[in-house]
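Here is a friendly walk through some local features, chain by chain and residue by residue. Keep the viewer open as you read.

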Protein chains: 2
Amino acid sequence: MTLGNVGKRILVGRKLRSTQLGETLLPKRIALPVFASDALSSVAYAPDEIFLTLSIAGLAALAISWKVAIVVAVVLIVVVLSYRQNVHAYPSGGGDYEVANTNLGATAGLTVASALLVDYVLTVAVSISSAAQYAASAIPALAGHQAEAAVIAVLFLTTMNLRGVRESGTAFAIPTYVFMFTILGMAAWGFGRMLFGHLPDASSSTLDLHAEGKFAAGAGTLAMGFLVLRAFSSGCAALTGVEAISNGVPAFKKPKSRNAATTLALLGTISITMVLSVVSLANVMHVRFAEDPATQLLRDGVPVGDSFHQDPIIGQLAKGIFDHFSPGFYLVAASTGVILVLAANTAFNGFPVLGSILARDGYLPRQLHTRGDRLAFSNGIIILAGFAIVLIVSFNAEVTRLIQLYIVGVFVSFTISQTGMVRHWTRHLRTESDPARRRHMVRSRVINAVGLTCTGLVLVVVLLTKFLLGAYIAIIAMAVLFLLMKGIHRHYATVGREMAVDEAERLTLPSRVHSIVLVSKLHRPTLRALAFAKAARPYTLAAVTVDVDADESDALQAEWDRRDIPVPLKRLASPYREITRPILQYVRDIRRQSPRDVVMVYIPEYVVGHWWEHFLHNQSALRLKGRLLFTPGVMVTSVPYQLLSSQAVAEGDERDALVPGQVRRGETSERR
Amino acid sequence: MTLGNVGKRILVGRKLRSTQLGETLLPKRIALPVFASDALSSVAYAPDEIFLTLSIAGLAALAISWKVAIVVAVVLIVVVLSYRQNVHAYPSGGGDYEVANTNLGATAGLTVASALLVDYVLTVAVSISSAAQYAASAIPALAGHQAEAAVIAVLFLTTMNLRGVRESGTAFAIPTYVFMFTILGMAAWGFGRMLFGHLPDASSSTLDLHAEGKFAAGAGTLAMGFLVLRAFSSGCAALTGVEAISNGVPAFKKPKSRNAATTLALLGTISITMVLSVVSLANVMHVRFAEDPATQLLRDGVPVGDSFHQDPIIGQLAKGIFDHFSPGFYLVAASTGVILVLAANTAFNGFPVLGSILARDGYLPRQLHTRGDRLAFSNGIIILAGFAIVLIVSFNAEVTRLIQLYIVGVFVSFTISQTGMVRHWTRHLRTESDPARRRHMVRSRVINAVGLTCTGLVLVVVLLTKFLLGAYIAIIAMAVLFLLMKGIHRHYATVGREMAVDEAERLTLPSRVHSIVLVSKLHRPTLRALAFAKAARPYTLAAVTVDVDADESDALQAEWDRRDIPVPLKRLASPYREITRPILQYVRDIRRQSPRDVVMVYIPEYVVGHWWEHFLHNQSALRLKGRLLFTPGVMVTSVPYQLLSSQAVAEGDERDALVPGQVRRGETSERR
C-alpha cells in the first residue's frame, strides 16, 4: 500500500478497516519528510520574496530583511503552536475543512474548502515556477524559458500521477532529508567560514541597487511601512504547508497525537532555522536581490539590462559559500528543485482527496467521492494541472507575481480553522467539569485565540498589501468555487427530497410486461436481442421496425417470413421519415391501453473496442434511448453484441476479475 | 414542403413516394433561379479575378482580358453541352458522384465526393468573402473588416439553417431574377450610353497601373503566357455551380430531361452574357483593377497606399454607368451581395445531402444517412460552417487567395464525371442495336469526350498555375477526406461481415433469465427498479449492493429488513473499495454456473432535464453499464426515474406525439 493512498485515507477521516492498516503507520522520522516537503520547500522562495519586495525601496531597505524574517518566524511559531492544539483535539485528522465545518457550520467549511482548492492550484504553480527558476540558475540555457520548463514539469507530474505512480515513504524521505541537510549544511559551512573570516561576498554584492518608482525620489514613512508589511506578507509564504501534519495524525505511530505534535514542533524548528539562516547569510554576504533586476541593479553605474539572470538567493549563497567546491552549488540547486517538485506533488494528492470529501458532503459531483475510483482521481488531477498551467502561462512562471495570489487562501484557511478551534474549546468547556482538563482546555483555547489573532492580523495585512497586486484573482476564484459548490449542494438536496421514500411506501408492481425489440436490419445483434427478449417470457412480445423506406421494410419483412422468426414484426408508419416519434407513440399507446403495465424496449447495441468506433455505431440507438427514458412506465434494455474489436477490453476485464489484487491501469470502477 | 427538402430528396436520387409529390415539381421559370444562384453569382468575382491576375503584367495586359473571357465562355459552352448529356442520361438526377460511381467504380466516386465536399466548403468561403467585398464597397465603414463581416454572415446562415428555415421557391426566385435583371439592365444601359457616346470612364481609369515583380522589368513570353493561363483558370470560377441542374432533373416538370436541358442552356446563355458584358464594359470604361492596389495603382505617379479601397469591377461599372442615379449602384451592390449569400446557402443544403448519400454508401457514419434527421443535418451544417470560417479567417476573406483553392475541386469533379459519361455511352453502345439511337449515343459520346478533353485540359492548367498558390491545400484536404472515407467504409464492411446472419442460423433461446437490481441507496428510483424487475418474473431476482463502506451497507440492510422488501439484498465484498469489479465478478459467476442462462442487470437511472445535471448524476451508472456490456450473456436495463426537472422535456415529447404533422425544433429522431 503506497503512502499516497495512506494520505488519501487519512484525509477522508475514517477508520481504515483493511488488514494492511499496520504497515501504513509512520514513525516520526518518515512522517516528517512525508508531510514536510510543502512547508520546507517554501524556504526556496520566501526569503527571496522578502528581499525583492524590500529592494523596491533601495539598498538600505534590504537591511530590514532580517527583522521581517524574525516576525515571520514568530508567526510561524504561533501557527505551529496553534496547530499542535488541532492535532490533540482532532486525532482523527480533521483538517481545516472538518474543523471549520464541525465548529462553525457549513458556510465556514465551504469557505475553507474553496480557499484550499484554490491554494492547491497555487501550490503547484508557485512550487513548479520556483523549481524552474532554480533549474535556470543551474542550467543557464534554460534562462528565459522558465514558463515552458514549468509547463513541461507540470505535465510530467500529471502523467506520473495519472499513471498511478505514487511515492513510497522512502521516495519522499530521501530527497527531503537531502534538502534539509544540504541547506542546513550550507548554512553551517557558511557560518563557520564567517567565524574564520573566510566567507566571501555573494557575486551580486558588487552591484549597486537602485530604488524603484517613488522610492527612488525618497518616499514617506507611510509608504515605507506599507512596503515592509508587503515584504512580511510575502515572507509568510514560508508558512504554507504547515497544516499538512494536522491532517495526517492517523498515519502516525502511537501515541499518534503526541508524535504528530512533536513532528510539528520539529518541522517548525527546522523551517525557522532554515529561513533565518538563509536571510542572515544573505545579509552577511551582501546579496543584492531586486524585483526588477534589469533596471534596478547597476554595474559601475549602468543598469545590467535584460540579459542579466538573477539567481535565487539560495543559489547565490551556495555559489559564494561553495566557491571552491562547485558540486556543492549543484547539490543545493538540485535538491531545492526536487523538493519543490515534491511539494507540488503533494497538491496532486491533496486536491482529489479534498474533492472526494466535498463530494461526500454533496458539494461536488457525487462520483468524485469514492476513494477507490481512479477516474475520479484522474479528473481531479487533470483539473488541477489545467488550472496550474493556465496560471503558469498567464504569469510567465514568475514566482513573485504568483505569490501575490498564493498567501491569501492559506491565511483564510488558517484564520477560520483557528476560529473553529476557539469555538471547539468553548463548546467542550461547557460540559467539562474536571478542573485539570478544564485548565488544559483553557490553555489550548488561549493558544488558539492567539493563533486566531495572529493569523487574522496577517490575513488583513495580506489583503491590504496584496489585494490589487493579484490577491483579488484568488478571492474571485474562491467566490466562484463557493457559489458553484453551494449550487451543487442545493441541487442534490432538492433531488434527494424528491427521491426520498415515504415511510408507508411499498413496492407497487406493474401488472404485466410488454416487450418490444427495435429492429432495423436482420443481423446477429437483432437475433440475439430477439432471443434474449423471448427468453424473458413477457406478456406480449413484438419486433418493431419503422417504415422509413418501404423497399427496405419490404425486404426486411420478406426475410423475416422466410426465416420464420417466431416473433411478429410490427411495421410502424412514418410519413415524415422519423424514427423516434413513431416508437414513442407506439409505446405510449401500449401504456394508454393498459396503464398498469410497463413496456420494456430492447435495443440491440454493438460493443466496440476503440473510442473512435463509437462515432460509427449506436449513435441513433443512444439518442432514441435518451428520449424513451423520459416516458414513464418504460424500461430500456441494451442487448450488447460484442464485435471482435471489443474482445481485448473484455479480456482485460477477465484478467482483472481473476487477479483481484491488482488494479488495472485506467480501471473505471467506482461507487454509484 | 420546402424547396430545401426537394433539393435534398432529388439529390438522394430516389423516387418520392409521398402524396405531396405533385406540388414539388418546378416549372422552368422557378427551376432556373433555384439552381442558378451558385453559377450566376460567380459573375460577381470571376471577371475581377481575370483582371487582377492580368494586372500583374501591367496596364497593357488588361487589354487581353476580353480574349480570356471568351475562352472561359467557350469552356462554359462545352461544359453546358456536356451536362445536357448527363441530364438526358441520368433523368433521376445522378449527380457527378453517382455518374462516377456507376461508370468508373467506387474509387472514382469517392474522389468526386471528396472534391465536392471540399468545394462546398470553398463555395461558402468564396461567396461570403465576395459578398463582404460588395458590402464594403457599398458601406465604406466596413472596409478593412471584411473577414469579421464574412464570419458573421456565415454564422447567420448557420443559424438560419440550424433553425430549419429553408427558402421557398419564391425566396430563391425573386433575388435571383432581381440580380439577373439588374446586371443585364446595367449592361444594356451601359452599352446604350456607349452607343450615344455618353458612357463615362470608371473612376479608377484616372489611375496608373504598374506591373508587379519581374513583370515590372519586362518578363519573357513564357512568363506572360503562364500569367494568361493563370488568369484563365481564375476566370473558370465562372463555371462553378453549372452542375447543379444536372443533379436536380427529377424536380422539373415533365418532360423532365428536356426541361432541364433547356434550363441548362438558358443558364449558360445568361451566364456567358453576363460575364462577357461585364468584361467588355470594364474594358470600354478603362477599369483599372490590381492584385495589390496599394502599390500597383498610382495617382499622379504616387502609389495610392493602403487606405485605398478597390471596389469590385461590377461596383465600379455601376458607379460609372449610374453616375447620375446612385440608387442604381446600391441596387447592383445589394443584389450581388444577396445572390452571393444565396449561393453560399446552396452549399448549406448540398453538403449534408451529399453527406447523407455517402453515409448511405457506408463512407461516412451511418447516422448521417437518414433524410428526416434534423440532427444529422445539424452536424453537417456545423462542420461546413466551421471549415468555412477557418478558411475565411486564415485567408482574411480575400477572394483572390481563396479562388486559388476553389477551382481545382470543381474541375476534378467535371473531368471524372465526363469520363464516366464517355464510359456510360460506350457501355450502352455495346448493347444498343437501333441505328437511330446508336447515332444519338455516338453523338452524345463525342460531346462528352470533348467535354472531358476540355475540362481535363483546364484541370491541368489549373493544377499547373495554381498548385503552389494554394490548390495544394485543397488537394491535401481531398486526399485526407478520401482516406478517411475509405477507412470508414472498410470498417463498416468488416463489421457487416461479422454481423451477417448465416442462412442456417435460427433464434437460440437462453434457458433462463437471472435478474439483479443494482442498489446503492433505498430511494424511489431503487423501488421502481425493484418493482419493474419483479414484474418481469425472472427465474432468480436479487438486489445487489457493493460493500464499499460497511456502515453504509449495514444501514441499507437494516432499512431493507425494516421495510420488508420482498427481494433479497445481496452484499458483495469489495476489499479494494471498487464497484465495477465485484459486480462483473458476480455476473460472471452466475454465467459460469449456468452458461446457457442470461443475466439482466437493472440500473436505476435518474432522468434530468438540463444538460448540466448530467454531470451530477448517473455518471457511475453509465460507466458501469459500459463495462457490463463487454460481458457476453448480459443485458443491461435502465429503469428511468423522471426527476421533476425532466418534465418539460417529456411534455414536449407528448405534444409532438399528439400533433405528428409538426416537427419540433431540435427533434433528434432518426434512423437506426
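In what order do the 3 strands of the open sheet in chain B come? The order is β1-β2-β3 (chain B), and the pairing is antiparallel. Please keep in mind that this is a predicted model.

**The three-stranded sheets**

At the edges of the sheet in chain B are β1 (208-209) and β3 (302-303), each of which pairs on one side only. Strand β2 (residues 297-299) of chain B runs antiparallel to β1(B), and 2 bridges join them.

Arg299(A) has Val302(A) of β3(A) as its bridge partner.

**Two helices of chain B in contact**

Next, turn to helix α8 (residues 106-138) and helix α9 (residues 146-162) of chain B, which pack with their axes 9 Å apart and at an angle of about 125 degrees. Because of that angle, α8(B) is oblique to α9(B). The crossing of α8(B) past α9(B) is right-handed. On the α8(B) side, the contact is made by Val124(B), Ile128(B), Ser129(B), Ala132(B), Gln133(B) and Ala136(B). On the α9(B) side, Gln146(B), Ala150(B), Ala153(B), Val154(B) and Leu157(B) take part. Sorted by class, this contact has 8 nonpolar and 3 polar residues, with no charged ones.

Elsewhere in chain B, helix α16 (residues 313-321) is mostly covered, with 8 of its 9 residues buried. The buried residues of α16(B) are Ile313(B), Ile314(B), Gly315(B), Gln316(B), Leu317(B), Ala318(B), Gly320(B) and Ile321(B).

**Chain A as a whole**

Chain A has 25 helices and 8 strands. Of its 672 residues, 58% are buried. Take the contacts in chain A between residues at least 6 apart in sequence: 81% of them join residues at least 24 apart.

| Residue | Relative accessibility | Class |
|---|---|---|
| Ser515(A) | 1% | buried |
| Thr182(A) | 10% | buried |
| Ile473(A) | 32% | partly exposed |

Ser515(A) belongs to strand β4 (residues 513-518) of chain A. Leaving aside neighbours within four places in sequence, Ser515(A) is in contact with Pro538(A), Thr540(A), Leu541(A), Ala542(A), Met600(A) and Tyr602(A). Strand β4(A) runs parallel to β5(A), and 5 bridges join the two. One bridge links Leu518(A) to its partner Val544(A) in β5(A). Strand β5 (residues 540-547) of chain A is mostly covered, as 6 of its 8 residues are buried.

Thr182(A) lies in helix α10 (residues 169-195) of chain A. Which residues does Thr182(A) contact, leaving aside its neighbours within four places in sequence? They are Leu331(A), Val332(A) and Ser335(A). Phe329(A) is 147 residues from Thr182(A) along the chain, and their C-alpha atoms are separated by 9.7 Å.

Ile473(A) is part of helix α20 (residues 435-499) of chain A. Tyr406(A) is 67 residues from Ile473(A) in sequence, and 9.9 Å from it in space, C-alpha to C-alpha.

Notes. Residues numbered from 1 in each chain as written. Chains lettered and ligands numbered in written order. Predicted model: local features only at pLDDT ≥ 70, side-chain atom pairs only at ≥ 80, totals over all residues. Heavy atoms only, no water. Pairing = 2+ DSSP bridges. Helix = DSSP H or I, 4+ residues; strand = E, 2+ residues; numbered from the N terminus. Axes fitted to C-alpha atoms, helices over the stretch in contact; angles between N-to-C directions. Parallel < 35°, antiparallel > 145°, perpendicular 65-115°, else oblique. Left-handed = near helix turned anticlockwise from the far one by under 90°. Contact = heavy atoms within 4.5 Å. Nonpolar A, V, L, I, M, F, W, Y, C, P; charged D, E, K, R; others polar. Buried < 20%, exposed > 50% of the residue type's maximum accessible area, 1.4 Å probe, protein only.
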